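Have the sequence and the model open while you read.

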Amino acid sequence: MISIGLSKTGTGTPALMAYPGFGHRTPDGNWRILVAGVAWQQPVVFNRRQRLMIRMLGGAMKAAPADLESELFQNRITPFMAEPESRREIIARVGDRSYRLRKKTGRNGHFRDFVTLDARQVEAASSLDEFGNRMLNFDVEVAGANCHSLGGLIYLLEDEGTSIVSDIDDTIKDSAVGDRRELLNNTFLRDFRSVEGMADVYQSWAGTGVSFHYVSSSPWQLFESLKAMNETHQFPSGTMHLRNFRLRDQLLKKVIIRRQGKTTAIKFLMKNLPKRKFVLVGDSGEKDPEIYRKICRRFPGRVSALLIRELAHRPLDSERANKISAAIRNGRFAKFQTAEELKSLAEKWDC
């Protein structure tokens with residue numbers, strides 16, 4: 001399973017978190033790996049403006065004062081209040097070798113870069129998971145600071161194969177995105193709940209040797225909680241692509257409005273993994289059908305199956321469905337409501 005932790009830090013030092021990344025072979029047989037994550041300032045101390053935002057958020061959720069003092073709420077809200085570490089140099093370590101990323105952290109503290117590793121080094125340092133997929137451990141640190149992450153993972157993907165791109169909210173996680181109050185309560189006050197049966201379907205997929213990429217318009221501040229849900233409910237591990245988000249002055253508004261970051265993430269995957277086939281799984285509640293339709297048109301022939309979980313509050317009408325059917329080429333499109341229906345489709349189509 002994914003094993004990515006926060007950095008060990010002292011007062012006034014940077015904190016780091018590495019996201020699970022992927023690697024692919026270069027033409028000369030070496031490996032190009034994606035190193036990504038975020039750096040912020042620690043400790044996180046709420047200022048007056050932030051405390052006011054929390055009270056506003058509590059009012060929108062109709063939360064009791066005890067709810068806002070709970071450990072769960074504090075763990076969820078704290079990353080939103082962190083100040084980013086911008087313009088910092090990041091060093092990635094694989095085994096006994098280190099690699100300085102070409103770009104410093106951005107204004108929002110995020111970093112992302114590819115590093116090329118020798119094939120022999122990768123062979124010596126990598127290991128296999130329970131499904132036979134090859135993985136590579138790495139660490140990242142802030143140059144010149146006593147700060148490092150605790151064990152990032154790279155999934156080493158062969159040129160040819162199948163990648164499952166899965167939405168998170170209301171596809172594998174009960175989020176109630178269509179109800180703002182419920183969405184906020186599910187985000188900040190409740191343990192994350194998975195959609196019944198979906199983990200079993202994904203586990204059966206994993207047994208066939210596919211790779212997983214989880215995409216969501218949820219902000220990166222929920223990464224640890226989403227990772228914990230996947231581990232608790234035994235979803236296959238994989239890369240995770242969340243929305244970059246920086247709190248400025250309207251927490252409530254920005255958390256409620258679900259800005260799209262999925263299109264960019266999926267395009268990034270497909271451009272860097274040009275020979276792989278993709279299965280796209282989402283739901284009808286937000287813009288997954290429209291996003292996936294655009295992906296099919298942008299990358300004709302690359303999507304072998306497109307599967308949409310139909311939600312009761314916003315079913316996939318014939319107009320939206322027909323547009324998807326017209327966009328997908330050499331692939332298949334279907335709707336499902338339950339995990340059992342999805343499992344039947346996957347078995348029927350051998351995807």
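## Ground rules

The model is predicted, so local features need pLDDT of at least 70 and side-chain atom pairs count only at pLDDT 80 or more, while totals for chains, interfaces and linings use all residues. Residues are numbered from 1 along each chain as its sequence is written, and side-chain values use heavy atoms, with hydrogens and water left out.

Helices (H or I, at least four residues) and strands (E, at least two) are DSSP runs, numbered from the N terminus. For burial, buried means under 20% relative accessible area, exposed means over 50%, and partly exposed is in between (1.4 Å probe, protein chains only).

## Salt bridges

A salt bridge here is a side-chain nitrogen of Lys or Arg within 4 Å of a carboxyl oxygen of Asp or Glu. By that rule, the count comes to 15.

Take Arg102 and Asp113, whose closest N and O atoms are 2.5 Å apart. Arg102 sits in the loop between strand 5 (97–100) and strand 6 (110–117), with Asp113 in strand 6, so this pair ties together parts that are eleven residues apart in sequence. Arg102 is exposed at 67% relative accessible area, whereas Asp113 is buried at 7%.

Asp167 pairs with Lys262, with the closest N and O atoms 2.9 Å apart. Because Asp167 belongs to strand 10 (residues 162–167) and Lys262 to helix 9, their bridge ties together parts that are 95 residues apart in sequence. Asp167 is buried, with a relative accessible area of 1%, and Lys262 is buried too, at 4%. Asp288 joins in as well: Asp167, Lys262 and Asp288 are linked in a network of salt bridges.

Now for a local case: Glu231 bridges to Lys227, the closest N and O atoms being 3.8 Å apart. Both lie in helix 7 (residues 223–232), four residues apart, which is about one turn of the helix. An α-helix has 3.6 residues a turn, so residues three or four places apart point the same way. Glu231 is partly exposed at 29% relative accessibility, while Lys227 is buried at 8%.

## The positive patch

Which residues form the positive surface patch? They are Lys267, Lys271, Lys287, Lys294, Arg297, Arg298 and Arg314. Patch members have over 30% relative accessible area and no salt bridge, and like charges are joined within 9 Å. Lys and Arg count as positive, with the charge placed at NZ of Lys or CZ of Arg.

Helix 9 (262–272) and helix 10 (288–298) each supply at least two of the patch residues, and helix 10 gives the most, with three. Lys271 is in helix 9 and is exposed, at 51% relative accessible area. Lys287 is in the loop between strand 13 (277–283) and helix 10; at 39% relative accessibility, Lys287 counts as partly exposed.

Which residues of helix 11 (residues 318–327) are buried? Arg320, Ala321, Ile324 and Ala327 are. They cover an arc of only 125 degrees around the axis, which puts them on the same side of helix 11; that arc is taken from the directions from the helix axis to the C-beta atoms. On the other side of helix 11, Ser318, Glu319, Asn322 and Ala326 are exposed.

Note on methods:
Patch = residues over 30% accessible without salt bridge, like charges linked within 9 Å, V, L, I, M, F, W, Y side chains within 5 Å. Areas by Shrake-Rupley, 256 points an atom, 1.4 Å probe, with all protein chains shown as cover.
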